[in-house]
Amino acid sequence: MDSLFMVFMVALSAIAAAISVYTLLTTRRQEHHNIVAVKRAEWIDDMRRLLFEFIGTYMSTPEKAQKLAITQKHIDLYLDHKNPEHEKLSEMLGELARRPGQSIEALVAEAQTVLMGSWDRMKLEAGVTESQEKRMRKALDGRSDVKEYFVDPGEAS
């Protein structure tokens, strides 16, 4: 009877140890995802600020070529030049910095594409599922303080 009890206790201890190891690994993975998501959100905020600075300088004083070039190079440091959308945005910024007076509509559209792609990737890395996002949108619907953050690009006009 004692040996059966010992076998049962050893088996129970092994199961408890396996559960502990699994919990530790999933917790570490989730912590990593959270860190990556926070850093990507910071990247998105920084890109928006720099793009706003570039566009603001361009719109107010197109003759400030040096300021435009510096801001464009600063933005380039944030871009992944292996990504075709990022490369296209970089080329558009360079073209506008070299030849002021052009329309910025295409630049704004490309910047939105790059930012939305990064936003979607951040949600994926953070583990936000489509159904969770829908529930979040539903819960926040009607709240004016957060509504502007959940506008689909297709809904904006």
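Before you click anything, a word on burial: buried means under 20% relative accessible area, exposed means over 50%, and partly exposed is in between, with a 1.4 Å probe and protein chains only. This is a predicted model, so local features need pLDDT of at least 70 and side-chain atom pairs count only at pLDDT 80 or more, while totals for chains, interfaces and linings use all residues. Residues are numbered from 1 along each chain as its sequence is written, and side-chain values use heavy atoms, with hydrogens and water left out.

**Stop one: E110.** Select E110, which counts as buried because its relative accessibility is 10%. You'll find E110 in helix α4, residues 105–126; helices here are DSSP runs of H or I, at least four residues long, numbered from the N terminus. Beyond residues up to four places away in sequence, E110 touches E85, K88, L89 and M92, where contact means heavy atoms within 4.5 Å.

**Stop two: K123.** Stay in helix α4 and pick K123. K123 is buried too, with a relative accessible area of 14%. Leave aside neighbours within four places in sequence, and K123 is in contact with V128 and E133.

**Stop three: helix α1.** Now select residues 2–60, helix α1: its 59 residues should span 87 Å at 1.5 Å a residue, and the end C-alpha atoms are 86 Å apart, which agrees. (The expected span is 1.5 Å times one less than the number of residues.) Colour the buried residues of α1, among them W43, I44, M47 and F54. What covers the buried residues of α1 includes α2 (65–76), α3 (84–98) and α4.

Then look at F5, M6, F8, M9 and L12, which form a nonpolar patch on the surface with about 520 Å² of accessible area together. Accessible areas come from the Shrake-Rupley method with a 1.4 Å probe. Within helix α1, M9 counts as partly exposed, at 34% relative accessibility.

**Stop four: helix α2.** Which residues of α2 are buried? Select L68, T71, Q72, I75 and D76. Seen down the axis of α2, these buried residues fall within an arc of 145 degrees, so they line one face of the helix; the arc is that of the directions from the helix axis to the C-beta atoms. The buried residues of α2 pack against α1 and α3.

Technical notes
Helix = DSSP H or I, 4+ residues; strand = E, 2+ residues; numbered from the N terminus. Patch = residues over 30% accessible without salt bridge, like charges linked within 9 Å, V, L, I, M, F, W, Y side chains within 5 Å. Salt bridge = Lys/Arg side-chain N within 4 Å of Asp/Glu carboxyl O.
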